[in-house]
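Thank you all for coming.

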Amino acid sequence: DKSIIRGNQPTFLYLLVFGTILIAFSILTISFDENSLPTKTTTTQFLDGACATFPWMFSLGYITIYSALFMKLWRINRVLQARPRQKILIRHVLWPYLILSISAIIILSVWTTTDPLKWDRVIVDNFTDESFGRCKSHQDITFFLCLVALMAISTILTAFMAWKTKDIDSSFSESNWIFYTIVLQL
């Protein structure tokens with residue numbers, strides 16, 4: 001039914017799908033190791049690139065998902081509180097997403113250019129040759145915490161807006177389900 005899709009604001013649904021795809025593909029970037037690649041000559045370069053790609057895809061995907069939910073709920077809230085004939089466009093609710101995304105891109109750019117994640121294999125036991133591989137950089141915790149702060153802001157904004165719009169008819173907003181899902185994640 002087109003009225004249900006239109007009521008659910010397809011632009012935000014597309015953003016939600018895009019963010020989900022980014023997170024899904026980010027998992028692929030950390031699923032490789034030396035044995036999964038056919039040639040050993042480009043293994044290190046490939047694994048370093050996969051390591052550097054993971055935080056980009058995961059953090060931007062996460063921020064996109066939660067910002068899309070926030071913008072959708074915020075727009076519904078503003079539409080229902082607007083004066084008659086006042087139109088609330090997508091650009092009126094887009095600025096939090098832009099600020100969070102640009103902030104993440106700046107953090108990720110600095111991280112990638114100054115201290116990128118690189119593939120590292122650590123030997124645990126020399127006798128058995130037991131080892132594990134990981135993505136590592138010197139300042140990874142610092143950059144990771146900055147990204148987690150941005151992701152937490154997007155989650156908190158979405159939880160707040162879901163709580164604020166909890167009384168809106170469920171045919172316009174899934175705010176109760178969104179709020180409960182966020183609470184369960186914590």
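Let me begin with Cys-146, which is partly exposed, its relative accessible area being 35%. Please keep in mind throughout that what you see is a predicted model.

Now to the bonded pair. A disulfide is a covalent bond between the sulfur atoms of two cysteines. Cys-51 and Cys-135 are its partners, and their sulfur atoms are 2.1 Å apart. The torsion about the S-S bond of Cys-51 and Cys-135 is about -75 degrees, so this disulfide is left-handed. Because Cys-51 sits in helix H3, residues 43-81, while Cys-135 belongs to strand E2, residues 130-136, the pair ties together parts that are 84 residues apart in sequence.

How accessible are these two partners, buried or partly exposed? Cys-51 has a relative accessibility of 1% and therefore counts as buried, the limit being under 20%, whereas Cys-135, with a relative accessible area of 25%, is partly exposed.

Staying with helix H3, I would also like to point out Ser-67, which lies in that helix and is buried, with a relative accessible area of 4%. What does the side chain of Ser-67 reach? At 2.8 Å, that side chain reaches the backbone oxygen of Ile-63. If we leave aside residues up to four places away in sequence, Ser-67 touches Tyr-97, Leu-100 and Ser-154.

That is where I will stop, and I am glad to go back to any of these residues on the screen.

Technical notes: Residues numbered from 1 in each chain as written. Predicted model: local features only at pLDDT ≥ 70, side-chain atom pairs only at ≥ 80, totals over all residues. Heavy atoms only, no water. Disulfide = S-S within 2.5 Å. Helix = DSSP H or I, 4+ residues; strand = E, 2+ residues; numbered from the N terminus. Buried < 20%, exposed > 50% of the residue type's maximum accessible area, 1.4 Å probe, protein only. Polar contact = N/O pair within 3.5 Å; in protein donor to acceptor, adjacent residues only side chain to side chain. Contact = heavy atoms within 4.5 Å.
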